[in-house]
Amino acid sequence: MPEPAPLPEDVGYYVYGVVPADAGVPDDLRGLDDAAVQLIEVDGIAAAVGEVALDRPPGRRADLMAHSKVVDALADSGVVVPVQFGSVIVDRDSVRDEFLAANGEHFARLLSVLDGTTEFILRATYDEEQVLAEVVREDPTIADLHRHTRDLPPGTPHPDLVRLGELVSAALERKRAYDTDLILATMRPHVLDHVERAGGGVDHLLDVAFLIDRMTTKQFEDTLEGLAEAVHERIRLRLTGPVAPYDFVEGQPWG
Amino acid sequence: MTVQTTQRRGGGYLERPAPSGLADVIEIILDKGIVIDAYVRVSLVGIEILTIDARIVIASVDTYLRFAEATNRLDLYKHGGKDLTEAVGDLQEGGSSKKTSGAIKGVKKAITGGSKDDDEDEGRPAKKSSRRRQSSDA
């Protein structure tokens, strides 16, 4: 350590994730407050941590970006179990004994499950005009209410307007269920696992995280590309990744 | 780090945005990852910036009005939209064989009911809002 170490009681350890003890951490990898990322290891696994002042103002934007950068860099060079943003442990002993050693088997199992995998996040949204047009076309009651209420000034809580909204919302739910099934059925042969993420809004169709075998990334991407082309008149598909497997480490060892 | 929206293949329909901004990062990492036991953890920072979660839909009158207004805002009848099945059907009938990728076959299979092995142990895909893990040891 080139710089003089701050007093121990002022410094905690910001935890980015858990990696195999022999993980190669890039030398120049720096996280929050530009602190170097180091490994604290026990029995073949290690916590990737950085020193952090315990009295610093928490939760700055730069912190989120730094967290994301470090975790993705660790995922890029191997396998990582991401730890939730903002987790600080007070000293090295606690990192070693109470975090790592106490959950060693769980982490080792997760690391072996996640080894060789990567995550992608797919967001599917409807073309709002297209899908609403479908809804009106397909349901005479909705079409009727639409005709009767379209000239009401916006913001009027007219009962018919509420009824229309309710029916449209329910119709969209059914479309989502149908299209979600179709998308997931198409992707299932190319993914190891998936987790649906929360989403909302009139145009929302599906937000889903996929866990992929790295070796089959190309097939996964090609399949999605074909799907995107097939549905592009009414559905937009956006793919983010690869990212660290943030969505596939649920289930706390102490649950 | 440069911020670019990338599209890997020319003319591709699949959008590949590079996550770069704070919003993207929040979207990806928010509430994700191992939660460290509160006995060990001294802080969980950053909660205050996350009150912007606008993704929750509450089934209220306001929400319904929003749907209704979205519907009525549009001149709907000029849109001759197709549903997913029709779109894929057209693609198949139109002999658009330049892209006979697995996806199309997959979609076709899904539409036509598919072969038995597609469904054997999976059941139906999870519905929205249910979190689901495939592995049997979850």
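At what angle do helix H5 and helix H6 of chain A pack, and how far apart are their axes? I took this as a predicted model, in which local features need pLDDT of at least 70, side-chain atom pairs count only at pLDDT 80 or more, and totals for chains, interfaces and linings use all residues. Residues are numbered from 1 along each chain as its sequence is written, while chains are lettered from A and ligands numbered from 1 in the order in which they are written.

**Helix pair.** I found H5 (residues 140-149) and H6 (residues 159-187) of chain A at an angle of about 145°, with axes 10 Å apart. Helices are DSSP runs of H or I, at least four residues, numbered from the N terminus. Axes are lines fitted to C-alpha atoms over the stretch in contact, and angles run from 0 to 180 degrees between N-to-C directions. I noted that Leu145(A) and His146(A) are among the H5(A) residues that meet H6(A), whose side includes Leu164(A) and Leu167(A). Contact requires C-beta atoms, placed from the backbone, within 7 Å.

**Domains.** I looked up the division of chain A into domain 1 (8-115) and domain 2 (118-248); such bounds come from an automatic or database domain assignment. Their C-alpha centres lie 35 Å apart. Seven residues of domain 1 of chain A contact five of domain 2 of chain A. Helix H1 (residues 61-76) of chain A gives the most to the domain 1 side, with four residues.

**Ala47(A).** Beyond neighbours within four places in sequence, I listed its contacts as Val15(A), Val18(A), Ile40(A), Val95(A), Phe99(A) and Leu100(A).

How values were computed:
Helix = DSSP H or I, 4+ residues; strand = E, 2+ residues; numbered from the N terminus. Contact = placed C-beta atoms within 7 Å.
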